[in-house]
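Load the model in a viewer and keep the sequence panel open. The tour moves from the whole chain to single residues.

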Amino acid sequence: MAAGNLTRVSEFLLLGLSEKPELQPVLFGLFLSMYLITVLGNLFIILAVSSDSHLHTPMYFFLSNLSMADICITSTTIPKMLVNNQTQSKVITYAGCITQMYFFTLLGGWDHFLLTVMAYDRYVAICHPLHYMVIMNPRLCGLLVLVSFIVSALDSLLQCLMVLQLSFCPHLEIPHFFCELNQMTQLACSDTFLNNIVMYFATVLLGGGPLTGIFYSYSKIVSSIRAIPSAQGKYKAFSTCASHLSVVCLFYGTSLGVYLSSAGTHSSQTSATASVMYTVVTPMLNPFIYSLKNRDIKRALKRFFQASGKLGAIILNQKM
């Protein structure tokens with residue numbers, strides 16, 4: 001590409017999941033429903049944990065942070081998609097695209113680290129139960145969440161600064177429903193060798209590292225569970241980490257599925273459709289996975305709604 005054709009663009013076009021007009025109302029209704037379910041479901045988890053003193057434990061502290069990350073990551077992508085759908089405009093500004101990419105990369109990385117921290121929490125609870133509260137003290141829990149967030153933020157900042165150095169051709173179309181790092185790099189007209197090196201290094205280090213930590217934690221957990229003599233004891237120990245293991249399988253399974261679909265096809269539209277699984281579906285399902293078989297969460301939510309109902313009745317009576 002000649003140097004004269006390279007320019008700093010002011011906007012991009014998000015092509016979305018489909019360009020067929022008859023599918024736009026269906027996509028709007030579907031994604032609006034999933035977004036509301038995601039926000040409300042994760043919000044209820046946060047409210048249940050914060051309002052019930054019995055849930056002020058490391059496991060539920062990490063869960064509430066995961067719910068917050070899930071609310072934020074869907075709010076980074078879905079609202080813009082819904083607005084574009086209703087206004088029949090595909091435009092996103094250059095600054096808006098970089099901002100969206102920054103927060104999506106940050107929150108996605110934070111999700112990885114939180115799942116790893118939660119695996120470590122289960123490892124300590126099952127393998128070192130007598131020292132659990134000493135090891136997983138409030139200071140360490142807060143530090144783990146903070147460090148996870150800072151590392152993710154620094155990685156996202158580095159990736160975005162690298163993209164800001166790239167030049168793009170005019171009239172750029174992004175075959176996705178949000179500005180994703182890999183798509184942005186592929187659309188650049190300037191040399192992206194250094195960007196690809198940094199991106200792949202960060203993926204291996206910040207993606208493979210947490211996954212290795214999860215595998216190690218669960219290898220120790222399985223060994224400890226196998227050493228428990230009674231079947232009831234084994235079931236009880238496994239049930240404490242079943243929800244987390246389900247979320248890990250869903251998160252990494254869908255991410256791997258997107259990677260394989262991207263590698264197996266040259267269709268960017270297919271890759272965008274597959275990415276819905278880990279960007280929208282996984283955050284939506286997390287609250288259900290953690291609450292359906294969790295008596296503590298159910299009990300806390302029941303108390304919360306009862307207290308809210310009583311408060312509402314008192315306020316209504318005062319007004320009358």
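Predicted model: local features only at pLDDT ≥ 70, side-chain atom pairs only at ≥ 80, totals over all residues.

**Whole chain**

The protein chain has 320 residues, and 45% of them count as buried. Its C-alpha atoms fill a box of roughly 70 × 60 × 35 Å along the principal axes. Colour by secondary structure: there are 10 helices and three strands. Read from the N terminus, the order of elements is β-α-α-β-α-α-α-β-α-α-α-α-α. Among contacts in the chain with a separation of 6 or more, 79% are between residues 24 or more positions apart.

**Nonpolar cores**

Select Leu17, Phe31, Leu115 and Ile297 and show their side chains. These are the residues with the most contacts inside the largest nonpolar core, which has 61 residues. Elements giving two or more residues to this core include helix 1 (24–51), helix 2 (58–87), helix 3 (94–127) and helix 5 (138–164).

Centre on Ile297. Beyond its neighbours within four places in sequence, Ile297 is in contact with Ile45, Val49, Leu55, Tyr60, Leu63, Tyr290 and Ser291. Apart from this core lies another one, of 20 residues; Met101, Val163, Met184 and Met199 are among them.

**Helix 3 and helix 5**

Hide everything except helix 3 and helix 5. Their axes come within 8 Å and cross at roughly 145°, and the crossing is right-handed. How do the residues of this contact divide into nonpolar, polar and charged? There are 18 nonpolar, five polar and one charged.

**Salt bridges**

- Select Asp52 and Arg303. Their side chains meet in a salt bridge with an N to O distance of 2.4 Å. The pair links distant parts of the chain: Asp52 is in the loop between helix 1 and helix 2, and Arg303 is in helix 10, 251 residues apart. Asp52 has a relative accessibility of 7% and so counts as buried, while Arg303, at 38%, is partly exposed.
- Move to Arg122 and Asp121. This salt bridge has an N to O distance of 2.8 Å. Are these two residues buried or exposed? Arg122 is buried, at 8% relative accessible area, and Asp121 is buried, at 1%.
- Go on to Asp296 and Arg299. Here the side chains meet at 3.2 Å, N to O. Both residues lie in helix 10, three residues apart, about one turn of the helix. Asp296 is partly exposed at 34%, and Arg299 is partly exposed at 40%.

Select Gln88, in the loop between helix 2 and strand 2 (91–93). Most residues other than glycine have a negative phi. Gln88 is not a glycine, yet its phi is positive, at about 55°. Its relative accessible area is 74%, so Gln88 counts as exposed.

Next, select Phe61 in helix 2. Phe61 counts as partly exposed, at 32% relative accessibility. Which residues does Phe61 contact beyond its neighbours within four places in sequence? They are Cys141, Gly142 and Val145. Use the distance tool from Phe61 to Phe104: the two are 43 residues apart in sequence and 22 Å apart, C-alpha to C-alpha.

Finish at Pro210, which is found in helix 7. Pro210 is buried, with a relative accessible area of 5%. Leaving out its neighbours within four places in sequence, Pro210 is in contact with His112, Phe113, Thr116, Leu205 and Tyr252.

How values were computed: Residues numbered from 1 in each chain as written. Heavy atoms only, no water. Core = buried A, V, L, I, M, F, W, Y, C linked by side-chain atoms within 4.5 Å. Buried < 20%, exposed > 50% of the residue type's maximum accessible area, 1.4 Å probe, protein only. Helix = DSSP H or I, 4+ residues; strand = E, 2+ residues; numbered from the N terminus. Contact = heavy atoms within 4.5 Å. Axes fitted to C-alpha atoms, helices over the stretch in contact; angles between N-to-C directions. Left-handed = near helix turned anticlockwise from the far one by under 90°. Nonpolar A, V, L, I, M, F, W, Y, C, P; charged D, E, K, R; others polar. Salt bridge = Lys/Arg side-chain N within 4 Å of Asp/Glu carboxyl O.
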